[in-house]
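Could you walk me through this protein in my viewer, one selection at a time? I have not seen it before and would like to know what to click on next.

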Amino acid sequence: MKLTLPPRISGRPLEVDTSENRQLIIIGANGSGKTRFANRMMADLGAAAFRMSALKALYGKDVEDLTPGSIDSLYREATGGGSTFIRNDIKGEFDRMLALMLNEEMLNLVAFKYSNYRRNEVSERKDGKGGREGRLPVTRLDRMVRLWQRVFPGNKVLIESGRMIFGSERSDDTYSSAKLSAGERAVLYYIGAAMFAPQGATIFVESPDMLLHPSSIRSLWDRIEEMRRDCSFVYITHDLSFASTRGDGVTVWVKGCDPSLEQWDYDIMTSADGLNDEVYLAILGARKPVLFIEGDGVNSIDAKLYPLIFEEYTVKSLGGCDRVIESTRTFNSLRAFHNLDAFGIVDRDRRNEAEVNYLRGKKILVPEVAEIENIFMLEAVIKAVARHFHRDQNEAFARVKKSIMRLFETDLRQQALMHTRHQVKKTVEHRIDGRFANIGKLEEHINDLCQSINPRGIYEEYCRDFRRYVAQGDYAAVLKVYNRKTMISESHVARACGLRRDDKDTYIRAILSILKENRDPASTIREAIRGIFGIE
């Protein structure tokens with residue numbers, strides 16, 4: 001859906017399309033008016049908006065939000081309707097949310113028992129035999145417990161005497177929700193409350209990082225967004241490092257507000273502006289090693305893939321290759337101030353081993369494949385995706401390999417020429433960068449370059465190497481040198497792996513989904529990709 005943002009001081013209100021990227025991040029310093037900005041958006045959306053605030057839910061027991069569809073409103077409706085399974089004196093949104101869950105659970109159990117009773121009664125009248133019991137419906141409580149235990153593996157949740165109690169698989173001790181840590185209760189609240197949002201709602205989350213450990217923030221919100229695919233999410237925060245965890249989202253920077261006019265000074269932020277103050281502060285706030293990458297931070301494959309592979313890093317998109325290299329150097333030169341390591345990732349493209357080794361010495365990671373599209377074509381990745389979609393992994397890879405080798409053989413001379421051009425260009429740039437006594441000396445030097453560089457010899461050597469890769473079926477060597485953006489679609493890898501649509505975007509989305517949800521082959525894919533960067 002398209003969201004129209006509030007009135008703007010410096011011009012017409014901006015519009016954000018959330019149909020593809022379902023996240024909108026509102027950031028701003030304390031006092032900038034970002035909460036007022038979000039409230040105006042909620043007022044404009046009316047019943048389609050749903051608010052979540054862990055701070056209010058856990059500690060604002062005397063504060064009620066009675067807007068239609070809120071947890072407090074749903075609780076009032078349940079207690080006012082004569083329900084026999086829920087008390088009418090519960091305070092606080094967190095406890096009310098749990099009470100609504102348990103109330104729904106009891107109502108479902110009663111309905112299930114009655115429907116089975118009626119089914120058995122009809123069956124006995126027909127043939128004198130009792131009918132079979134149906135299956136219990138999956139409730140909000142079931143899904144909440146399942147997801148909470150994924151976030152906190154080893155913990156268990158039980159229902160006893162109409163209330164939830166918690167424990168650990170390592171101990172027989174149990175305790176009430178009041179004994180949970182603030183972070184555990186916040187996670188429980190966010191998961192549970194998100195289930196009560198109306199169908200297709202826009203969910204507004206205030207301070208989504210508050211009370212949560214930094215290591216769990218990304219995976220928690222990834223899972224909640226996956227659970228509510230029908231909803232869009234608007235996150236209100238002053239922490240720029242949180243915005244980096246929402247890789248596909250649009251970030252609105254609220255700079256100030258004129259309350260009398262109900263207008264705001266705001267802009268859409270991009271990640272292609274280099275190492276500016278906002279990015280620098282965000283990195284410092286994350287307190288994790290930094291990984292600068294190419295791409296625009298919104299639509300690039302780099303920004304979608306690398307945060308899911310290098311989860312222990314703060315990943316920042318900076319645009320072009322030169323900015324990545326320069327920002328990595330700059331950030332590391334300031335290490336005395338922040339004590340954080342910075343690394344960069346750039347595509348290999350047509351760099352030779354000397355260039356690659358030089359970059360790696362400067363903490364720039366260069367993969368053992370030509371460009372990022374080739375990462376999705378790694379043998380281990382293809383096989384993992386095929387297994388996930390119940391296809392024979394060896395057969396799938398064999399089909400893809402055959403296609404790639406055939407494409408490369410057809411394209412061999414053109415690829416050799418492009419590699420030769422790159423090497424000649426780099427050599428000329430390096431060797432012409434010298435001092436000459438006069439123009440004659442420069443002309444003499446340039447005339448000698450063609451003979452000394454010998455571009456035809458370089459070209460023929462590349463051709464020999466590339467023919468050898470084809471003859472030996474060296475798939476890894478081909479991925480290392482082959483630059484072809486259309487490789488994924490032309491190889492029909494999506495079809496070979498069993499996907500319904502045979503195109504590049506479908507295949508890449510499938511891999512990102514596996515990684516995001518940490519499904520069975522995720523560790524295999526992650527290990528294969530980290531391996532081509534020399535990271536185990």
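Here is a short tour, going from the whole chain to single residues.

**The whole protein**

Keep in mind that this is a predicted model. Start by showing everything as a cartoon: the secondary structure comes to 24 helices and 15 strands. The protein has 536 residues, and 48% of them count as buried. Now think about contacts between residues at least 6 apart in sequence: 66% of these join residues at least 24 apart.

Select residues 504-517, which are helix α23, together with residues 522-531, which are helix α24. How do their axes cross? They come within 8 Å and cross at roughly 110 degrees, so α23 is roughly perpendicular to α24. To see the contact, show the side chains of Ile 511, Ile 514 and Leu 515 on α23, and those of Ala 522, Ile 525 and Arg 526 on α24. These contact residues divide into 5 nonpolar, no polar and 1 charged.

**Aromatic rings**

Next, colour the aromatic residues; a search of the whole structure finds 17 aromatic pairs. One of them is formed by Phe 408 and Tyr 482. Their rings are edge-to-face, 5.0 Å centre to centre, with 65 degrees between the planes. Where do the two residues lie? Phe 408 is in helix α16 (residues 393-410), while Tyr 482 is in the loop between α20 (475-481) and α21 (487-491), so the pair ties together parts that are 74 residues apart in sequence. Both Phe 408 and Tyr 482 are buried.

Then select Tyr 189, Tyr 190, Trp 221, Phe 233 and Tyr 235, which form one aromatic cluster.

**Charges over rings**

Two further stops pair a ring with a charged residue. Select Arg 8 and Tyr 266: the charged end of Arg 8 sits over the ring of Tyr 266, 5.4 Å from the ring centre. Then move to Trp 253, where Lys 255 lies over the face of the ring at 5.0 Å from its centre.

**Two buried residues**

Go to Ala 193, in helix α6 (residues 182-195). Is Ala 193 buried or exposed? Its relative accessibility is 0%, so Ala 193 counts as buried. Leaving aside residues up to four places away in sequence, Ala 193 touches Phe 50, Met 52, Ile 71 and Met 97.

Lys 179 is 14 residues away from Ile 165 in sequence and 9.6 Å away in space, C-alpha to C-alpha.

**Two positive phi angles**

Finish in the loops. Select Ser 207, between β8 (202-206) and α7 (214-227). What is the phi of Ser 207? It is near 45 degrees, a positive value in a residue other than glycine. Ser 207 is partly exposed, with a relative accessible area of 24%.

The last stop is Asn 454, in the loop between α18 (439-453) and α19 (455-472). Asn 454 is not a glycine either, and has a positive phi of about 60 degrees. With 40% relative accessibility, Asn 454 counts as partly exposed.

Terms used:
Residues numbered from 1 in each chain as written. Predicted model: local features only at pLDDT ≥ 70, side-chain atom pairs only at ≥ 80, totals over all residues. Heavy atoms only, no water. Axes fitted to C-alpha atoms, helices over the stretch in contact; angles between N-to-C directions. Helix = DSSP H or I, 4+ residues; strand = E, 2+ residues; numbered from the N terminus. Parallel < 35°, antiparallel > 145°, perpendicular 65-115°, else oblique. Contact = heavy atoms within 4.5 Å. Nonpolar A, V, L, I, M, F, W, Y, C, P; charged D, E, K, R; others polar. Phe/Tyr/Trp six-rings, centres within 6.5 Å; stacked < 30°, edge-to-face > 60°. Buried < 20%, exposed > 50% of the residue type's maximum accessible area, 1.4 Å probe, protein only. Lys NZ or Arg CZ within 6 Å of the ring centre and 35° of its normal.
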